Amino acid sequence: MEPTNPRKTKSSSLKRRREDSTADDNHPTTAVDNGIDLSLLDAIEKSHSTVETLDLKTLKKLVLSFERRLRDNIEARLKYADQPEKFADSEIELHEELQKLKVLAAAPELYPELVNLNTIPSILGLLNHDNTDIAVDVVSLLQDLTEEDVLEDNDEQARVLVDNLVENNVLELLVQNLLRMNESDPDEAAAIYTTLDTLENLIEVKPQVSEIVCEKTKLLRWLLGKIKVKEFDGNKEYASEILAILLQNSTANQKRLGQMNGVDVMLQAVAMYKSKDPKSSEEEEMLENLFDCLCCLLMPLENKERFVKAEGVELMIIIMKQKKLAYGSAIRALDFAMTKYPPACERFVDVLGLKTAFAAFMGKIPISKKHKKERFREELEERVISLISSLFAGILRGSRRERLLSKFVESECEKIDRLMELYVRYTDRVKAEAERLDHMELDDFEMNEEEKYNRKLDSGLYTLQLIAVILGHLWTSENSRIRGRIELLLKQHKLTKNDVKDILQEYHDNIGDLDGPEEKERAQSKIQKFISAF
């Protein structure tokens, strides 16, 4: 079974805005005071002087005023192309109209009417404006209109707006504008952050945007370029988060980035932390995002091959040996790389990874102040169990298989003792969840068998199944010492081989056909072999 796809949550960091400027400089900007967009407040105050409520009439007035200022600016620029001072006033007025439109964020129910008035093309056209400050104003407006809090209870209206934005090439225009931004300018650096936030908002409403934007624009290449930069900043952190979101549920994007040398770029990015820890919580978040990206990339087979060729297996082992903050993430990446990919398993054994993996298996896990929680240890435990299961599945014969099996015999079979300790613990946990679900049914809480099975998987059944599979591999090795130890430990815990068979049977019966009927049959046949052998 493929490891769980990494999931991302929306960044909770403060959305930065451009700082206010002096009255006589011709660079319209916004400001933030305690997280509040002052330009938005200013626009609301101005609108209150002439309008009491936000309704269709108000919307039409705002749109008409905006269209007039836009026309005036276009005419002034055409008439005085070589005399900027003569169209500067029209630019300031256009900026003010864009700020006024921000009040629409308070009335998302009017979004369909905004679309019907055909104003979106006019707004988006300004993303190509020669004055980047105007383009930045548009990005800020789009961010406010699509903000998650604004759209939360207005799903239908949100979809109407986002669909129209996409139809009018918002993705292409946003990315084109992004490419011309200069991060050495504080205003434009802030606009980059705002652009990424807007893209995230659009994906939130219309998930297909994640593939459309990668297919039609150079966003992936820009994000890779940002991640290559060694210096850390907030935009690099957000770029890593957006990239993880784009890769999360899209095989097309995973393959696309793999073809762009994405695996190598991710390995270089995380290699910076092989012997040092991030300096701040924001940098820690970025490192986590980078590993999320790497794990997503490792889902398509061709990217697993690129990972092995780029010596990704070796790098992850080095990171584990250094015992820094990225230790657990390195185990996770190896788990993804070795799942259903024997060459990665073989490389892992060849470069002496077994010693490092089994140290983690035995519970010798470095715990930092940040990771003292029991759940962190359990997550690593589950990853290592999955990794060892992948090793057994990927290395079926030869000297490598013997080296893997010998780990369970050395030191008086301590690894088998540990495996049975984990088997008992996860068995108890799953039994407790099954009893809880039975009580819920007695209380008239209806639940079908699939729901019950998924609840048990979440409570530890999947890990228990993997432990049973490892026991199956050990038992079918026909090593007398291994078999004797397993039988002794089962007896000590008042268990029998039938208990293990029951776990394997449930696993067998629930193997899905996601990878096709032939793969399902092959997987079931392997489990049936274990069941028959016990």
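Is His473 buried or exposed, judged by its relative accessibility? At 4% relative accessibility, His473 counts as buried (buried means under 20% relative accessible area, exposed over 50% and partly exposed in between, with a 1.4 Å probe and protein chains only).

The views below show a predicted model, in which local features need pLDDT of at least 70 and side-chain atom pairs count only at pLDDT 80 or more, while totals for chains, interfaces and linings use all residues. Residues are numbered from 1 along each chain as its sequence is written, and side-chain values use heavy atoms, with hydrogens and water left out.

**View 1. Overview of the protein.** The protein has 28 helices and two strands (DSSP runs numbered from the N terminus, helices being H or I of at least four residues and strands E of at least two). Of its 534 residues, 52% are buried. Among contacts (heavy atoms within 4.5 Å) between residues at least 6 apart in sequence, 75% join residues at least 24 apart.

View 2. His473 has its place in helix H25, and, not counting residues up to four places away in sequence, it touches Phe392, Ala393, Arg401 and Phe530. The C-alpha atoms of His473 and Ala393 are separated by 8.6 Å, although these residues are 80 residues apart along the chain.

View 3. In H23, which spans residues 398–406, Arg401, Leu404 and Leu405 are buried. These three cover an arc of only 95° around the axis, and therefore lie on the same side of H23; the arc is that of the directions from the helix axis to the C-beta atoms. The face turned away from this buried side carries the exposed residues Ser399 and Glu402. What covers the buried residues of H23 includes helices H21 (353–361), H22 (374–394), H25 (449–475) and H26 (480–492).

**View 4. Contact of helices H25 and H26.** The axes of H25 and H26 come within 9 Å and cross at roughly 135° (axes are lines fitted to C-alpha atoms, for helices over the stretch in contact, and angles run from 0 to 180 degrees between N-to-C directions). That makes H25 oblique to H26, given that angles under 35 degrees count as roughly parallel, over 145 as roughly antiparallel, 65 to 115 as roughly perpendicular and the rest as oblique. Leu471, Leu474 and Trp475 in H25 meet Ile482, Arg483, Ile486 and Glu487 in H26. The residues of this contact divide into five nonpolar, no polar and two charged (Ala, Val, Leu, Ile, Met, Phe, Trp, Tyr, Cys and Pro count as nonpolar, Asp, Glu, Lys and Arg as charged, and the others, Gly among them, as polar).

**View 5. Contact of helices H13 and H16.** The axes of H13 (residues 234–248) and H16 (residues 281–297) come within 8 Å and cross at roughly 25°, and the two helices are therefore roughly parallel to each other. Residues making the contact include Leu243, Ala244 and Leu247 of H13, together with Met286, Leu290 and Cys293 of H16. The residues of the contact divide into eight nonpolar, three polar and six charged.

**View 6. Two residues with positive phi.** Most residues other than glycine have a negative phi. Asn261, not a glycine, has a positive phi of about 70°; it lies in the loop between helix H14 (251–259) and helix H15 (262–271) and, at 45% relative accessibility, counts as partly exposed. Glu412, also not a glycine, has a positive phi of about 55°; Glu412 lies in helix H24 (residues 410–442) and, at 66% relative accessibility, counts as exposed.
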